[in-house]
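Subject: Structure for your review

Dear colleague,

Please find below the structure that I am handing over to you. My findings follow directly after it.

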Amino acid sequence: MPSTCPKCRRVLDEDEICCSQVRYTWRCKQCSKLCTGFAIPYGRCFLCGGELEVIEGRDLGDSMRFQAIRDAVQFELNAFHFYKLARDKAQSPEQRAVLERMYEAELDHLHELEEKYHAHLDRNVVELSANEDALLSNWLFQGISVDGGVRELYQAALEMEKRTRDHFKKMADELPEGLEKDVCCELASEEEEHVALLEGEMEQI
């Protein structure tokens, strides 16, 4: 039966997981990679090898008041719809399979944002059919083509992840020290991880 999240007070469906299940949050002191989990972390950052610190008692309140979090959610939604559109137009089974993995990865990224920043989305949002012309004219996709082979698809995805990473880096550079700057650095690190994952997959092609 529906319940209410004790942390953000959102009403949840029976099968949804919310903030109350997140027991620990930790961040790398070097690259700002933010992680959540049920156990206290040990070792060092898997992304850069930096020292980890547990973050206790951080309350973002309404996380969508932060421009960076709103941007992150919108970028992931845009990329999700972009890959879904491209998949539906794919000319070969190989292209279709790669694009399907990519749009499913973007959906996973959306869920990660919800978990880390309590940026809850209406489930209908990811089912909406984005306006094709408006989507393709977005700055994130300018000059990006998904009409090539598998390697070209990965290169297009890499370019989009790098543009997103650089967006958050630029935002962080322009902000004074504080919570909003920390969030920008965390989101830039998240995109850096996505870049590394794609590069790793490209090496297997």
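Of the 205 residues of the chain, 43% count as buried, where buried means under 20% relative accessible area, exposed means over 50% and partly exposed lies in between (1.4 Å probe, protein chains only). Please note that this is a predicted model, in which local features need pLDDT of at least 70 and side-chain atom pairs count only at pLDDT 80 or more, while totals for chains, interfaces and linings use all residues. Residues are numbered from 1 along each chain as its sequence is written, and side-chain values use heavy atoms, with hydrogens and water left out.

Overall picture

The chain exposes about 11500 Å², and carbon and sulfur atoms supply 49% of that area; accessible areas come from the Shrake-Rupley method with a 1.4 Å probe, and for residues only the protein chains shown count as cover. Among contacts between residues at least 6 apart in sequence, 59% join residues at least 24 apart, a contact being heavy atoms within 4.5 Å. There are 5 helices and 5 strands in the chain; these elements are DSSP runs numbered from the N terminus, helices being H or I of at least four residues and strands being E of at least two. Along the sequence they follow the pattern β-β-β-β-β-α-α-α-α-α.

The sheet

An open sheet is formed by 3 strands in the order β4-β3-β5, with antiparallel pairing; two strands pair if DSSP finds at least two bridges between them. The edges are taken by β4 (34-37) and β5 (52-54), each of which has a single partner strand, so one side of each is left without a neighbour in the sheet. From one strand to the next the twist averages 30°, based on axes that are lines fitted to C-alpha atoms (for helices over the stretch in contact), with angles that run from 0 to 180 degrees between N-to-C directions.

Strand β3 covers residues 24-28 and pairs with β4 over 4 bridges.

Which residue in the turn of the β3-β4 hairpin has a positive phi? The residue is S32, with a phi of about 70°, in a hairpin that has 5 residues between its strands. S32 is a residue other than glycine, and S32 counts as buried because its relative accessibility is 16%.

The loop between β4 and β5 contains R44. R44 counts as exposed, because its relative accessibility is 57%. Not counting residues up to four places away in sequence, R44 touches G49, G50, E51 and L52. R44 and C28 are 16 residues apart in sequence, with their C-alpha atoms 8.0 Å apart in space.

The helical part and the cavities

N78 is placed in helix α1 and counts as buried, at 11% relative accessibility. Leaving aside neighbours within four places in sequence, N78 is in contact with L135, N138 and F141. S145 lies in the loop between α3 (132-136) and α4; S145 is partly exposed, with a relative accessible area of 39%. Although S145 and A156 are 11 residues apart in sequence, their C-alpha atoms are 6.6 Å apart in space.

How many cavities of 30 Å³ or more does the structure hold? There are 3 of them. A cavity is, on a 1 Å grid over the protein atoms alone, a set of points where a 1.4 Å probe fits but cannot get out, and lining residues have an atom within 4 Å of a point. Grid points are joined across faces, edges and corners, and a volume is the space filled by probe spheres set on the points. The largest cavity has a volume of about 80 Å³. Its lining is made up of F75, E76, A79, Y83, E106, L140, A157, M160, E161, T164 and E191. The elements that give two or more residues to this lining are α1 (67-88) and α4 (150-173).

Yours sincerely

Key:
On a 1 Å grid over the protein atoms alone, a cavity is a set of points where a 1.4 Å probe fits but cannot get out, and a pocket is an open set with protein on both sides within 12 Å along at least five of seven lines; lining residues have an atom within 4 Å of a point.
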